[in-house]
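The sequence and the structure are shown first.

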Amino acid sequence: MSEKEFEPIIVGFLCNWCSYAGADLAGVSRIQYPPNIRVIRVMCSGRVDPIFILEAFKNGADGVLVAGCHLPADCHYLAGNFKALRRVLLLKRVLKEFGIEPERLWIEWISASEGDKFAKVVSEMVKEIKKLGPNPLKRSGGK
Amino acid sequence: MGEGKLKFAFYWAASCGGCEIAVLDIDEKILDVIHVADIVFWPVAMDIKYKDVERMSDKYIDVCFFNGGIRNSEQERMAKLLRQKSKILVAYGACSHLGGIPGLANLTDREDIFKKVYLETFSTVNPENLVPKPKVRVKEGELEIPEFYDTVHTLSQVVDVDYYVPGCPPAVERTIYALETLANGMLKGELPPKGSVLAPLKSVCDECPKKKESKKISRIYRIYEKVVDPERCLLEQGIICMGPATRGGCSARCLKVDMPCTGCGGPCPESPEQGAAMISALASILGVEEEKEKYSAEEVEKIIDQIVDPIGTFYMYALPASILKRRVMRK
Amino acid sequence: MGSKVGAVLVVGGGVAGIQAALDLADSGFRVYLLDESPSIGGTMAQLDKTFPTNDCAMCILAPKLVAAGRHPNIHLITHAEVEGVEGEPGNFRVKIRRRARYVNPEKCTGCGVCARECPVEAIDEYDEGLSKRSAIYVKYVQAVPRTYVIDRERCIGCGTCKELCRAGAITYEDKDDITELSVGAIILAPGFEEFNPVVKSEYGYKRYPNVVTSIEFERILSASGPYGGIVLRPSDGRIPRKIAFIQCVGSRDSQIGNEYCSAACCMYAIKEAIIAKEHVPTKLECTIFYMDIRAYGKDFEKYYKRAMEEYGIRFVRARVASINEDPSTRNLILRYIVDEKPCEEEFDMVVLSIGMRPPKNAKKLADAVGIKLNEYGFCLTNPLSPIETSRPGVFVCGAFAGPKDIPESVAQASGAAAKAMGIVASERGKLVTSKVYPQERDVLGEEPRIGVFICHCGINIGGYVNVPEVTEYAKTLPNVVYAEHNLYTCSEDTQKRIKEKIIEYKLNRVVVASCTPRTHEPLFRETVREAGLNEYLFEMANIRDQCSWVHMHEPKAATEKAKDLIRSAVAKARMLRPLKKPMVNVIPVALVIGGGVSGMTAAVELARQGFEVHLVEREKELGGNLRRIYYLLEGEDPQEYLKNLINEVNKCSNIHVYLGAEVVEVSGFVGNFKSKILHGGEIKEIEHGVIIVATGATEYKPKEYLYGVDPRIITQRELEEMVYKGLFNAKTVAMIQCVGARNEENPNCSRICCSEAIKNALKIKEISPETEVYILYKDIRSYGFKEKYYHEALKKGVVFINYEDSRKPLVVKDGDRLRLVFWEPVLKQEIEIYPDLVVLSAAVVPNPDNRKVAEMLKVPLTKDGFFLEAHMKLRPVDFQTDGIFLCGLAHGPKSIDESISQACAAASRAATILSKSVLELEGIVASVDEDLCGGCRICEAVCPFGAIEMVEKEGKISAHVIEALCKGCGTCGSACPTKAIKPQHFTTEQILSQVKAILAG
C-alpha cells in the first residue's frame, strides 16, 4: 500500500464581518479550494486569543489561520485587527521557542468581497504546510 | 507521637530548597503546627530513609507538602510513594504547582543539558567527556543513579494532587493559610474542594498598592533602564509586570519593593494559561496608541523586539504547566 | 374628510410586495398582503440562483417569506383579487374577492397527505408545466402559507382528500367571498408576466420539445425542479452538450409591439449559462446570441467577464433567424448571420430569454384601482415620481412599474412603503399587535439536550455532502438526543417541525447545519424563541457556503468536513447559555449625509412622517449632480423639479440644513448616534437614531482621447451644459462610450452613459437636425423603457458604430482639425471623420470622500470605491451595521428615477427604526465576573467603544461593561489577563470546546 499523502488540517479563526463573509462569498461564487480548513467564526479577529491558537496546535492542527478585516480601516469594530496582528506576531516568536514553526501560523486580511482571496489563501496555506509536514507535536512522544 | 494528632510530611523534589526555608518562615507559628501535628517525614530536617516511608501503611500521612517538580525517576518514585501514603497531597510552591524555574529546562532536553553542563561550560574540565548515565559499571559492581528526564513535570502531571500552594516560594501568609486550612479541615472534616489553589481568586493587581491609570503603553523598559515612579503601576511605565496575569495571594510583595511581578503565583483561576494570557494582554496594549500609523509587519516587529526573551518572561514559572508544556525537539 | 386608517394594502406577494409589507409592518402599520395565487413568493421563488452573486434564490427569499408569514402585523390574503377601490388617500375602501380555496386555511396543517393520494394529474405551473401536480396542491414546498388549495377545474370530486384529511380542512362547498378592507394607502406590486414565445413561430417553441423558455430552464436548473437540478433535455432526458441562449425574445421587438428592453434577461441568461455549466458534470458548451449585452448593474460587468473568461461561455452578436429541428435527433439547427455571413449551427437545446410583459390582469387591476397604464400596458409613472401612480395614495413598485431586476424591485418596494407611510404616518401604531412569545423555559441546570437539523438545501448541500450519513453521525455526538435532515431546513414547514421536536424531545439547544449564520441565524433564533427557548441556545454549522459549494468535486472530503463542522457546532451548543437582550431608547432623528437629489428626497420622506432630520451638504448649495442636469430623456424638466424639491426641504420645519458643512465624527450606535458637524467653522453636536449616506458620485475626468488637450473634446456633461446655454454649434459630433469604464482600471459599467449619449444626441437632432451624430459604443445599454429612445435616435439618423477593445477609436489632432479614426465593422474598413466635437461618455466614479465617510461610519466599500450594501440582492439600501443606510450614486451609478426610488427606500428602512421608541439590541455583549477581575484596566485600554468603565468598591476597582456601547467584538476578552471579562456567546470555554472538537476527527 502506498503511503497516503499528508493532508494538513488547518483551523481558521475568521471574523464575522469580513473574512467569514469572504469565505461565504467563495462558496457563493463556487470557487473551489482544498477541504483542509475548518473554520471557527468569531465576531472580530480581535477576539482571537493566543490560547485558542496554542490549543489548536496542541490538539493537532497543522496550521492556524487568523483572518480579519483589512488594515487599517476596515475593522467593523475599529481596531480589533491591530490587536490580532500584534498578538499573532508576538505569539509566532513564542511558538518558535516551543519548537513549532512560526510558518504554521498565518494572519491574513480578507474582506467580504474577496472570496477569491480566501480561496487563494487556503490553497497556498495548504501547499506551504504540506511542505512543512505534520505538526511536530504529532510526531514527538511528548518527552 | 501524640494521640489524635495529625501526621504531616514534607518532601522536596526538583527545587532549590527555598520552599523548605519557607516553611520555617512562618516563625513561631511552626509551634502551633507542632501542637496539632507530628511531622513524620521531612528529609531536610529529620534522619529518615525512604524505606521508612515504604513501611508506612497507606494513607498513614494526613497531609504531605510536596515541593519541587519532577525531573528524574527518583522524584517520580517518591511522588508516587507519598501519594500512596498520604490522605492529602499538597503541591507546595511554584515548582510542584507549575514546574517552576527548573521547568524552563523544557526548552531543551537531557542530551543538550548534559552537553552544556558537563562538556561545554568554560569552567568544566572533563577530558574523558563523561556524562551521567543511569547505570555505570565500576569495579565494585554496578552503580545506579536516578534517570534524568528530558522533561520537567509538575507534580499533578505525575500523581493526583489535592491542593496547590502557589509561590516561589509561597508567601508566609499562604503557608499559614494552607497549614491552618488543612489542619482545621482534617480535624473538622471541612476541607476545601479538591483541586483548589489555596489562594485568593484575584490577580496580583488587586493587592498591588500602586496607582493604575491608563494601560496604553508605547515603550518597554527593563527595570535597570528606568527610575520608576514608585506610586504608579510599573506596567504603565513600560516595565513588564506579570501581575495582571498572575494569581494573587502574595500581598504583591515584589511590587512593594518596586520590583515587577515575575509570575510565581501562576495563572488566574479561569485563565487556561498564564503565558498566553500575558502575551495577549501585553500585545493588546503595547503600541495601541499609534496602531493606526504603525501597522506594517516591520513596524509591529520592531515594537515586539522590545520584549526581550518572551518565553523566559511569560513562562518563567509555568512552562511545564502551559498548554504546550515543552519544546518539541527536532532530532 | 374621513379620518385616516393606519393600514396599507399591498397587492402582489412577490419579493417586492413582501419587502413593502415588511417595512410597513415593522414601522407600526397593519398590512394586508394580497396575492392572486394561493401562496406568496412570486417569480423569485421559481428561480434557482440570482445574479451577480449566484446566491440560491430560495435560500435568500425563504427567510423573507417566513418573516412575512409570521409577522403579527401582516395579514396574508392569498388566492384573491381587488374588485374596486373607493375613497381618497388616507382612507380607501377596497373590495376584495377571495376565491374559493376548498381547503380551510385555519385547519390545514400542510401535511400533504391529500396531494399524495389525489388521483388527478394536473400541470404544475410552478415548474412551468415541466412536471405534474395533483388537483389539490401547494404551489411549492417552501410556500407561505403552506395551505393546500383545490384546482376545481381538474378536481373530479372523488372525495379521497376529504376522507383522508385528519384535520377536516376540505370544504368542497367553499365559495368565493367578497370582503371590504379599509386602508390608508395602496401599493401595487403584481409583478410581470412572461412573454409567450409561441408568437415567435420561427423559434419553434412548443413545437420542438428542446426549445424551452428561460423560466422553464430556471426550473430545470433548480434542485426542487422537475429533474432535481440535473440539466436534462425535455425530449429524451439526455444531458445536453451544447445549449444556445437566444436573447431579446419578446423584447426590443417592435414587430410584436414590445419595443422596450426587459432589463434583466442578459444577466439571467449569463447566470443560467454559468449555473448550467456547474450542474452538468460533462463538458457543456453554452452560447449566448445577443444584440447588446446589458450588464449595467452593480458588479454585473465583472460577472459578464467571468462568464467569458472563467466559464468559457461563448457570446455571439447575432440575431437568430430561425430554428429547425432535426427530427431524428431532436437537435436544433440555428440559422444566424455573423459578419454578413449566414451560419448554421446545431445545438442539443435552446433556451429563449423571454422578456417581461405587463401582468396578465394589469388592465383589470388598473380599472379596479383606478390607475392609468402606459403605452406598453405597464403602470404609468413619471421619471421624477417613479413610485407614484396616476391616482394619489396608490403607489407602485417592482416590475409592474417597468421591467427590472430583484434589487431594484426591492429598493422600489421599500420606497413605495415610505410613500405609503407618508400618508398614514399619523396613524402609526394604531392597528398593530406586538408579537407575544411563549414564556422562556429556564434551562439552567438541565443537562444539554441538543437537536440537530441538517439541510440538504435541495442539492446545494445534498448533492455533494452525504447528508443522511452526516445525520447518523450527528446522532452519535455527546448530548445530541435528536437529529434529522430536511430538504430545506429554512422553510416554513421545517420551522414548525423544529418547534415540535423541541417540545417532543425536550430539547434545550438546537443546531442547524445548513448555510451561513450571516443570513439565516435570525430566522432560526426566532424559531427556537417561538418554542420557548432563549434564542441564544442556537448554533449553526455552515456546511454549504464553506463546505459543499467549495468542495464540489470532493464529496467524500466534503462529507468528512461537514461532520467536523457539526461536531464543533454541537460542542459549542453544549456550552451555550441563555442571554438577555439590552433595550435602548431611540432618538427619532435622522442624519442625512449629502444634499443631492437622493439626500433631499430621503430627508423629505422622513420629515413627512414627522421625524426630525439633519441634512448635511458639503457644497454651498443643495442639489448635487442634479444642478448640472438640464434635460431628461423622457422630456421632464429636472431644474424645475430641483427647485421644487429644494423649496420643500427649506419649507420643512423639521429638516435642519447645513450647507458648506461636513460630518467630522460619529459615535454611538443604532438609535443613539452622536455626531459632530463642522459648519461655519464651528462644531455642532447632534444626537440621532439613524444615518443615511447619500454622498453621490462624480463624473470621471478622462485621461483618454486628448481630453483636456483640445477644447473640442468634452464630456457629456459639458455637452449638455453647452446645449443648454445655447453655445452648441457643430456640424459633426462623435461620441465615444465607455470612457473610464469597462476597462482594466474600472471593470464596471457606468449604467447611465448610453442613455445620456442618446439623450444628448436626440437633443442635438432637435436643435440642429442637420448635424451628424456618431455614437461609438461597445454595447448600447438603453435598458427598460429607455430602449424607445434608442430607436428614436436610430430613426433620427444618429449613427451607431460598434467598437471593440482590441480596436478602440483614435482621436488625433490633424492641424487645426480633429481626426477620428475608427473601424467600421460592417464595411470592415477603417474610417476617418473630422468631427467638430468629440464627446466622451465619461464614467460615473465614486465620490473621493467615500473612503473617509466609510472609515468614520465603519461601513465597507466595494473594490471600486462605492459603498457596499448589506446584501446585493435583498438588502440594497441597508448596511450591515444597524441603523445606517445608503442611497443614490453613493451606492453605484444610476439614473434619477432610480436614485429617487432608492432614497425613498432608505427613508422607509430608517423609519422601521425611528418609529420605535425602544429598540431591542443584540444580546452578545461582554460581561465581567467581579470575583475574578483584578482591576488592571487592560480591557479599558483596548475597548474602542469606551464601553468599559472602572467602578470602585471598598477601595478596589473592577471593570464594568456599559452594555449599550458594547458591540460584542470580544477584543477585551482576549486581552484580559485573568479572563474575568467574558464576551458572551463567544466565551473562551465555548471557543476552546470548538477548537478541541473540530480537531477530534
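Asp206(B) forms a salt bridge (a side-chain nitrogen of Lys or Arg within 4 Å of a carboxyl oxygen of Asp or Glu) with Lys956(C), their closest N and O atoms being 3.4 Å apart. Between chain B and chain C the count is 2 salt bridges.

The model is predicted: local features need pLDDT of at least 70 and side-chain atom pairs count only at pLDDT 80 or more, while totals for chains, interfaces and linings use all residues. Residues are numbered from 1 along each chain as its sequence is written, chains are lettered from A and ligands numbered from 1 in the order in which they are written, and side-chain values use heavy atoms, without hydrogens and water.

Contact (heavy atoms within 4.5 Å) takes 23 residues from chain B and 23 residues from chain C. The two chains bury about 1,800 Å² between them, 61% of it on carbon and sulfur atoms; this is accessible area (1.4 Å probe) lost on being put together, summed over both. Lys202(B), Asp206(B) and Glu270(B) supply 26% of the area that chain B buries against chain C.

In chain C, an open sheet of 5 strands has the order 38-45-39-40-41, with parallel pairing. Strands (E, at least two residues) and helices (H or I, at least four) are DSSP runs numbered from the N terminus, and pairing requires at least two DSSP bridges.
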